[in-house]
Amino acid sequence: MAKLFDQITSLLDSTVDAAVVLDGERRVRHYNPAYQALTGLRGRALAERVAAGARCFELFKLDICAEACVGCKARDSGRRIRVDEIAAVRGDGEDLTCIVTAVPLEVADGEQLIIETYRDVTADVRIQRRLKVALEHERRAKEDLEEKVRERTAELRAAQAQLVHQEKMSSLGRLVAGIAHELNNPINFVYGNVDFLGQYMENLLRLVALVDGAPLPDATRAAYEALKAEVEYEFLLGDWQKLLRSIRAGAERTAAIVADLKTFARTGGTELAEADLVAGIDTTLNLIAPLLKNRVDVRRRGGTRIPRVVCNAGHLNQVFMNILTNAAQAIVGPGWIEVEIATVDDGAAVRVVVADSGSGIGPDLMAKIGDPFFTTKEVGEGTGLGLWITANIVRAHGGTLSWGNRAGAGAEFVVTVPVAGPAKDGEAGRAP
Ligand SMILES: Nc1ncnc2c1ncn2[C@@H]1O[C@H](COP(=O)(O)OP(=O)(O)O)[C@@H](O)[C@H]1O
Ligand SMILES: [Mg+2]
């Protein structure tokens, strides 16, 4: 027996883990050097206390000792017990974490012994915890990144949709400008010949009137009257002028649309020159005066000491014409239009603000009214091209166009163009 005990203790003395041999009462029968380090006691002091019959928990205490003694459990069950990650405080006050193993041992004379080992896993646990924190950190960072990617993807999709939309609009624009060019001749055939047709009709009717009053042989007269009835002469007489009027009106409308489109598609007169915007606006106001017909009060503000602007004057006049016409059309009954001209950007640009007392722009229409062919007006009253053309002209001049509603009033359009004209590679005057 003594030999076995000696063999066990000599084995324990050479292990790295702290180890003690306890008797059934948990009195320390043997301890190894690592255990002594755990207790924090000097060699002599420890030896004396062990000799005096000290019990394990009096020398070195684990947190678990107060609730459940690992050694007792092994002793009572007769089985090896292992408990991981038990917190403890070393004799020198350091916190530590151990794996505790207790093995019951029955020696020959029936005496119960317990071998307890304590493996210090403090560093491992600390590393694991740090690893866990780092992993958690990484997981969160990944989630954040994924969220950002989702946001960016959504933004990109929106931008892409916007680009596709713009591209669609601009190719549609080019197509339309081309068609407008082609339509010009045929529409002039109709428009230019309607008056001749009217003249011819009047001449023919004079002939008919002459025949009506002339003496005719009975048979001829009967045939003549029968033919008049057959062609519904009386109805024709009342209807032909209406017919010609609507042909003329239709042709005029078509010509107006084509003219609108051609203004922008125009390739002639592309030279940029210094022009007086204020004079241009005043001319435009005179032109639309019939539309205002004493019902709309026009207030012109600013406009003094405005520098001349390098631009395509014809195109910019078209811009003001479009915006002012829209304003006049938006006002039902009496109202006002305010035009304010000022220099901005330390004199580098001219800004024209056109506000009206009209209906204003519905919030759902804000983004749409600049699209080609978008109109809320009756067929024939609006082509839906005004703002689209306007925006293109302003952009070609290196300027900006924006719109919104003015509190307590109607809409407000703001055009800003640089005094020095478009940048070198600008496209003022070029077709869209
Ligand atoms: N001053 C304004 N007040 C209210 N709505 C306006 C104004 N100007 C333009 N709009 C809206 O913008 C639409 C598009 O205008 P525009 O491109 O000039 O085409 P159109 O005048 O032929 O309808 C108009 O139909 C109208 O709904
Ligand atoms: Mg318009």
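Predicted model: local features only at pLDDT ≥ 70, side-chain atom pairs only at ≥ 80, totals over all residues.
View 1. Residues are numbered from 1 along each chain as its sequence is written, while chains are lettered from A and ligands numbered from 1 in the order in which they are written. Strand 10 and strand 12 pair in the antiparallel sense, over seven bridges. Two strands pair if DSSP finds at least two bridges between them. Strands (E, at least two residues) and helices (H or I, at least four) are DSSP runs, numbered from the N terminus.

**View 2. Strand 9 (335–344) and strand 10 (349–356) form a hairpin.** They run antiparallel and are joined by eight bridges. Glu340 stands opposite Val353. Glu338 has Ala355 as its bridge partner in strand 10. Which residue takes a positive phi in this hairpin? Asp345 does, with phi near 55°. Four residues lie between the two strands.

**View 3. An open sheet of five strands has the order 7-9-10-12-11.** Its pairing is mixed. Strand 7 (296–302) and strand 11 (400–405) are the edge strands, and each pairs on one side only. Neighbouring strands are turned by 15° against each other on average, direction ignored. Axes here are lines fitted to C-alpha atoms, for helices over the stretch in contact, and angles run from 0 to 180 degrees between N-to-C directions.

**View 4. Helix 9 (277–287) lies across strand 7, strand 9 and strand 10.** Helix 9 runs at about 170° to strand 9. Helix 12 also packs on the sheet, touching strand 11 and strand 12 (411–418). The direction of helix 12 makes about 140° with that of strand 11. Residues are in contact if their C-beta atoms, placed from the backbone, lie within 7 Å.

**View 5. Another open sheet has five strands, in the order 2-1-5-4-3.** Here the pairing is antiparallel. Strand 2 (28–31) and strand 3 (81–89) stand at the edges, each with a single partner strand, so one side of each has no neighbour in the sheet. The twist averages 25° from one strand to the next. Helix 5 (70–77) packs on this sheet. Helix 5 touches strand 1, strand 3, strand 4 (95–106) and strand 5 (112–120), and its direction makes about 20° with that of strand 4. Three bridges join strand 1 (18–23) to strand 2. Leu22 has Val28 as its bridge partner in strand 2.

**View 6. Ala34 sits in helix 2 (33–39).** Is Ala34 buried, exposed or partly exposed? Ala34 is partly exposed, because 18 other C-beta atoms lie within 10 Å. A residue is buried at 20 or more such atoms, exposed at 12 or fewer, and partly exposed in between, with C-beta atoms placed from the backbone. Leaving out residues up to four places away in sequence, Ala34 touches Val16, Asp17 and Ala18.

**View 7. Ligand 1 has 23 residues around it.** Asn326, Thr375, Gly382, Gly386 and Leu387 come nearest. A residue counts as near if its C-beta atom, placed from the backbone, lies within 6 Å of the molecule. Helix 11 (313–330) and helix 12 (386–396) each give two or more residues to the shell. Helix 11 gives the largest share, four residues.

Notes: Contact = placed C-beta atoms within 7 Å.
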